[in-house]
Amino acid sequence: MIYDAIIVGGGASGLFLAANLKELNVLVLEKNRSAGNKILASGGGRCNITNKNISPKNYLGDENFISNSLNSLNYQDVLNFFGELSFSEQKSSQFFCDSGAKAVLKVLLSKIRAEILYNHEVISANKNGEIFEISCQNETIFKSKKLIIASGGISYKTLGVSDIGLNIAHKFGLKSVAFAPALVGFTVQKDEFWFKNLSGVSVKAEISLTTKVNKDKFCERKFSGDILFTHKGISGPVILNASLFWQKGQLSLNFLPNFSKKQLVQGKKQLSSVLPLPKSFVLEFLSVNGLKDAPYESFSQEQKDKILKLFDYSFAPAGTFGFERAEVCNGGVLTSGLDKNFQAKGVSGLYFVGEVLDVTGMLGGFNIHFAFASAKSVAHDILRT
């Protein structure tokens, strides 16, 4: 049998694509024993499925390519697709499913007419004339007119991830960037080991960093939100978003984004009573700087300068928590090798969608939305040809 299309990967992009190709004879090859593992894990099991503020600015990658792809699907289109479910708009304009991620996956699977084969790990792909030949680890070979790679990245290895997408891209002459952990916490160097002593403590903060856009252009980025100290270093939503754009070097943390320096002076109150921070944090910060808890005006100028670092605490992370703790990956197949419909230039019928591409979104439903949008673009292209 020769299928109209074979989709490698049963994640968000692969399943959404299959659901939009009902008219065709489609096969989905999934290496795991079930589909949609990352969907089930998204949003803490509540699936933050899209965001009201979808914009290329929320992504790392080629801005023009991303902008074009997002035009194929807006947030309301996603909500309409899952119309039988109820979603609540919550923090940062993201939409969570009221009945949980399992309900989202169930609805998505119910809309698919394609054949899905589980425990079928793809190991290679070739093209013989106009037909693709896809080989699986169990020695089965499938043939199709179109081949769509929706294999994702390699974060959250416990969910059964694969780098087959990059291997197939290289086989057909497409370039890629090696995967790297993204939306992930930072490990710290010796000077910041005091972070570890605060494991479990959370504070609201603002983080600033400078990223290199290209050879001559740099961009200053700022993020606000919760920071969580852990036994490994520092995490939390604001850190995860910063990790997407951090390359190396210094970051600056403002632990008092809604507090002015003038407010430090409040009579004879001790600093731990004045600062809008957990007392454990203040005492640890003072201790590591060789200071005791006392009224601000009782400190020398040199000591005050140390305290003022709370408004601009610069440090260089040692690294990240790695792929095991990363929500997504940076890197992937370069979009410069694809046309606007996600088809490989020079290889008719070969498409790449979702996280396997060198496009990564911030926290808040942006990545799953791009997975859907890229799949929608490919479905439209395949159905019109």
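Start by selecting Ala-12, Ser-13, Gly-14, Leu-15, Phe-16, Leu-17, Ala-18 and Ala-19: these residues of helix 1 are buried, where buried means under 20% relative accessible area, exposed over 50% and partly exposed in between, with a 1.4 Å probe and protein chains only. Helix 1 spans residues 12–19 and is mostly covered, with eight of its eight residues buried. Helices here are DSSP runs of H or I of at least four residues, strands are E runs of at least two, and both are numbered from the N terminus.

A word on what you have open: this is a predicted model, in which local features need pLDDT of at least 70 and side-chain atom pairs count only at pLDDT 80 or more, while totals for chains, interfaces and linings use all residues. Residues are numbered from 1 along each chain as its sequence is written, and side-chain values use heavy atoms, leaving out hydrogens and water.

**Zoom out to the whole protein**

Switch to a cartoon view and you will find 11 helices and 21 strands. The C-alpha atoms fill a box of roughly 85 × 45 × 35 Å along the principal axes. Of the 385 residues, 53% count as buried. Now think about contacts, meaning heavy atoms within 4.5 Å: among those between residues at least 6 apart in sequence, 70% join residues at least 24 apart.

**Select the cysteines**

How many disulfides does the structure hold? It holds zero, a disulfide being a pair of cysteine sulfur atoms within 2.5 Å. Go to Cys-47, which is in no disulfide; its nearest cysteine sulfur belongs to Cys-97, 6.9 Å away. Cys-47 counts as buried because its relative accessibility is 0%. Then move to Cys-329, also in no disulfide, whose nearest cysteine sulfur is that of Cys-47, 19 Å away. With a relative accessibility of 1%, Cys-329 counts as buried.

**Finish at Ser-377**

Your last stop is helix 11, residues 366–384, where Ser-377 is found. Is Ser-377 buried or exposed? Ser-377 is buried, with a relative accessible area of 8%. Show its surroundings: leaving aside neighbours within four places in sequence, Ser-377 is in contact with Ser-69, Ser-72 and Phe-342.
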